[in-house]
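Have the structure open and follow along.

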Amino acid sequence: MINKIITGALLSMFFLCNAFAQLTHEQQMARDQGITLYKQSDWHDSQRLLQIAAEAGDRDAQYYLGEAIRLSKRYTTNEARKWYEKAAEQGDLYAMLRLSNKDDLCSYLGTCTEKTGKQWRKQAIKIARERAGKGDTQAMIVLFTANQGLGWLEKAAEAGDGFGQQLLASAYKGGGGWFLIPGNREKAIEKWFKASAESGFPPGMYLYANFLYDHGGSKADVGYWLKKTAEAGHIDAMGSYALNVAHMPDSYGYPLDLVKAYGLAYLISKLSGGGAAPKEGRETLSELTRHMTPDQISQGVEFAAEWESSHPPLSYFEPVYGY
């Protein structure tokens with residue numbers, strides 16, 4: 001069955017018919033909330049919501065549902081594979097890569113099909129090259145992810161893709177690329193982290209703030225980018241920002257604002273997904289409570305509600321094709 005699905009002609013038919021699933025208002029809300037929970041590492045509660053949109057044919061929901069199942073079970077189950085296949089049939093390149101991943105635990109359990117995986121990988125590279133040739137930067141990043149060369153990532157970065165710029169800076173930092181003149185690697189790393197930050201990509205902002213901190217940047221510059229990243233919903237940045245607003249410690253000269261710090265820590269503490277952030281948020285709240293009146297604490301909870309309604313949802317901003 002799968003062999004037939006991934007022939008070029010049939011894939012084209014799927015792409016044409018299904019790529020733009022029309023969702024009802026309720027299905028769209030379930031999709032958005034499901035993706036929000038997924039990006040908060042809530043791989044369990046997100047599944048029910050994602051499934052509503054996935055069953056309605058939404059490609060992104062299908063992919064993220066496959067991811068949520070895989071991450072919650074720690075390997076690609078048959079159910080996860082079903083949703084990857086549905087997303088892949090609609091042209092999702094990352095879903096195709098998941099279906100061709102040899103490192104998944106299913107390889108050891110004997111539930112993967114190597115031949116099918118090779119075909120999906122071939123199809124992903126073929127389609128990505130076609131899209132990249134038309135200027136699709138996501139396709140360029142997919143080609144880099146599929147080990148088709150750092151040059152594709154450099155093209156994505158040069159084209160202004162914030163994720164591509166951050167990924168390129170990280171690749172250079174990890175030793176990728178060739179730099180004959182001493183110091184040029186460090187300059188390239190700074191250039192692309194800065195470009196990513198200025199493009200508005202939250203992980204790029206956060207990593208640029210860290211780069212400046214590690215390389216003697218001014219406190220004002222580090223503080224500026226940390227604040228910007230927190231305002232964009234980056235969970236880790238928000239935790240650090242809350243501590244500094246509470247002067248625990250006072251590293252960047254922010255005005256002391258215990259109410260704001262409490263509100264931000266309160267939002268983090270309410271996260272139901274994984275990671276250490278919720279626990280750290282609760283620890284911050286506990287410490288702040290020692291220095292605040294009941295009225296200030298109430299104001300902090302109100303501040304949290306106002307922030308939540310006027311800022312993007314909290315997210316760890318893990319890559320679409322992450323761990």
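## The chain as a whole

Take the contacts in the protein chain between residues at least 6 apart in sequence: 57% of them join residues at least 24 apart. The chain has 19 helices and 0 strands. Of its 323 residues, 46% count as buried.

Keep in mind that this is a predicted model. Mean pLDDT for the protein chain is 92, with 90% of the residues at 70 or more. The stretch to watch is residues 1–18, where pLDDT stays under 50. For that stretch, the model has 30 contacts beyond four places in sequence.

## α14 against α15

Let's begin with helix α14 (residues 202–214), which packs on α15 at an angle of about 160 degrees, the axes sitting 9 Å apart. Anything over 145 degrees counts as roughly antiparallel, so that is what α14 is to α15. The two helices cross in a left-handed way.

Who's touching whom? On the α14 side you'll find Pro 202, Met 205, Tyr 206, Tyr 208, Ala 209, Leu 212 and Tyr 213, and they meet Asp 221, Val 222, Trp 225, Leu 226, Lys 228 and Thr 229 of α15. Sorted by class, this contact has 10 nonpolar, 1 polar and 2 charged residues.

## A closer look at Ala 209

Ala 209 belongs to helix α14. Is Ala 209 buried or exposed? Its relative accessible area is 5%, and buried means under 20%, so Ala 209 is buried.

Leaving out residues up to four places away in sequence, Ala 209 touches Val 222, Trp 225 and Leu 226.

## α15 against α16

Next along, helix α15 (residues 219–231) packs with helix α16 (residues 235–245) at an angle of about 120 degrees, and their axes are 8 Å apart. That angle makes α15 oblique to α16. The crossing here is left-handed.

From α15, the contact uses Leu 226, Lys 227, Thr 229 and Ala 230; from α16, it uses Ala 237, Met 238, Ser 240, Tyr 241 and Asn 244. The class count for this contact is 5 nonpolar, 3 polar and 1 charged residues.

## α16 and what covers it

Which residues of α16 are buried? They are Ile 235, Ala 237, Met 238, Tyr 241, Ala 242, Asn 244 and Val 245. The cover over these buried residues includes α14, α15, α17 (258–269), α18 (277–289) and α19 (294–310). Just past the end of α16, His 247 takes a positive phi of about 60 degrees.

One of those covering helices is α17. The axes of α16 and α17 come within 8 Å and cross at roughly 150 degrees, which makes α16 roughly antiparallel to α17. This crossing is left-handed too. In the contact, Ile 235, Met 238, Gly 239, Tyr 241, Ala 242 and Val 245 of α16 meet Lys 260, Ala 261, Leu 264, Ala 265 and Ile 268 of α17. By class, that's 9 nonpolar, 1 polar and 1 charged residues.

Note on methods: Residues are numbered from 1 along each chain as its sequence is written. This is a predicted model: local features need pLDDT of at least 70, side-chain atom pairs count only at pLDDT 80 or more; totals for chains, interfaces and linings use all residues. Side-chain values use heavy atoms; hydrogens and water are left out. Axes are lines fitted to C-alpha atoms, for helices over the stretch in contact, and angles run from 0 to 180 degrees between N-to-C directions. Helices (H or I, at least four residues) and strands (E, at least two) are DSSP runs, numbered from the N terminus. Angles under 35 degrees count as roughly parallel, over 145 as roughly antiparallel, 65 to 115 as roughly perpendicular and the rest as oblique. A crossing is left-handed if the near helix is turned anticlockwise from the far one by less than a right angle, and right-handed if clockwise. Contact means heavy atoms within 4.5 Å. Ala, Val, Leu, Ile, Met, Phe, Trp, Tyr, Cys and Pro count as nonpolar, Asp, Glu, Lys and Arg as charged, and the others, Gly among them, as polar. pLDDT is the predictor's confidence in each residue, from 0 to 100. Buried means under 20% relative accessible area, exposed over 50%, partly exposed in between (1.4 Å probe, protein chains only).
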